[in-house]
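Me: I'm new to this one and would like a close look at a single part of it. Could you pick a part, tell me how the whole is built, and then go through the details?

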Amino acid sequence: MDKIQRKSSIKYWLNIAAIISTVLCLGFVYYGFKTGIFTSENELASFLLKFGILAPVAMIALQALQVVFPVVPFAMGLVVSILLFGPVKGFIYNYIGISLGSIIAFLIARKYGVDVLNLLFKEKTVDKYRRIGANKKFVRFFTMAIFFPIAPDDFLCYLAGTTKMKLKTFIPIILLGKPLSLACYSFGLNFLAKYISVFVG
């Protein structure tokens with residue numbers, strides 16, 4: 001088998017793997033809404049606890065999933081992670097999962113283009129931000145948006161994949177930009193939960 005055939009074969013099996021993974025993820029999203037784990041914090045917490053010592057892995061996977069499939073509620077996962085694992089571990093699991101999901105979203109958009117945006121997001125959102133994506137200053141705008149959430153992060157990760165931004169530029173922005181906003185969410189939610197429990201108690 002020559003190099004061309006080998007590359008063709010690898011590409012074929014990678015595409016097959018991508019299709020299978022997508023089908024499985026869609027199936028899980030359907031299952032999640034059907035069983036209530038994406039609409040109820042208690043159901044989601046119960047679901048995660050079933051994994052025992054692997055619960056952190058399940059939490060990371062769910063956080064990645066909510067970026068790749070934006071129909072999964074974002075805030076609920078953050079809250080459950082903090083309540084189950086505490087502010088520090090909850091923050092770490094949120095950070096790893098959301099960062100992974102952001103990179104996956106970028107790569108999906110890089111492979112399939114604008115059609116993915118039209119499939120996953122509202123037409124108004126796509127039309128509003130595509131012009132920004134075509135702007136030479138998009139990298140600067142994207143960096144600011146990730147550090148200080150001023151726009152839909154999930155959408156922007158997909159949008160970035162349709163622009164000329166390189167993966168080696170995208171990854172550092174995500175890894176350095178996400179901690180600030182997630183820390184605010186994580187420790188803010190933990191403080192709020194403690195305040196409410198004291199007030200109620």
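Reply: A helix here is a DSSP run of H or I with at least four residues, a strand is a run of E with at least two, and the numbering starts at the N terminus. With that in hand, the pattern along the protein chain reads α-α-α-α-α-α-α-α-α. That comes to 9 helices and 0 strands. Keep in mind that this is a predicted model.

The protein chain has 201 residues, and 38% of them count as buried. Take the contacts whose partners have a separation of 6 or more: 72% of them join residues 24 or more positions apart.

Now for the part I'd pick, helix H4, which covers residues 74–112. Let's start with Ser81, which sits in this helix. Its relative accessibility is 0%, and buried means under 20%, so Ser81 counts as buried. What does Ser81 touch, leaving out residues up to four places away in sequence? The list is Met59, Gly86, Gly90, Tyr93 and Asn94. With Gly90 there's a further detail: a polar atom of the Ser81 side chain lies 3.2 Å from the backbone oxygen of Gly90.

Ile96 also has its place in H4, but its setting is another story. Is Ile96 buried, exposed or partly exposed? Exposed takes over 50% and buried takes under 20%, so with a relative accessible area of 34%, Ile96 is partly exposed. Ile96 also belongs to a nonpolar patch on the surface, together with Val88, Ile92, Leu100 and Ile104. Together these residues have about 390 Å² of accessible area.

In H7, residues 138–147, the buried residues are Phe138, Phe142, Ala145 and Ile146. Looking down the axis of H7, you'd find these buried residues within an arc of 95°, so they line one face of the helix. Helix H8, residues 153–161, is mostly covered, with 9 of its 9 residues buried. Among them are Phe155, Leu156, Tyr158 and Leu159, and also Asp153 and Asp154.

Note on methods
Residues are numbered from 1 along each chain as its sequence is written. This is a predicted model: local features need pLDDT of at least 70, side-chain atom pairs count only at pLDDT 80 or more; totals for chains, interfaces and linings use all residues. Side-chain values use heavy atoms; hydrogens and water are left out. Buried means under 20% relative accessible area, exposed over 50%, partly exposed in between (1.4 Å probe, protein chains only). Patches are made of residues with over 30% relative accessible area and no salt bridge: like charges are joined within 9 Å, nonpolar side chains (Val, Leu, Ile, Met, Phe, Trp, Tyr) within 5 Å. Accessible areas come from the Shrake-Rupley method with a 1.4 Å probe; for residues, only the protein chains shown count as cover. A salt bridge is a side-chain nitrogen of Lys or Arg within 4 Å of a carboxyl oxygen of Asp or Glu. Contact means heavy atoms within 4.5 Å. The arc is that of the directions from the helix axis to the C-beta atoms. A polar contact is a pair of N or O atoms within 3.5 Å; within protein, one must be able to donate a hydrogen and the other to accept it, and residues adjacent in sequence count only if both atoms are side-chain atoms.
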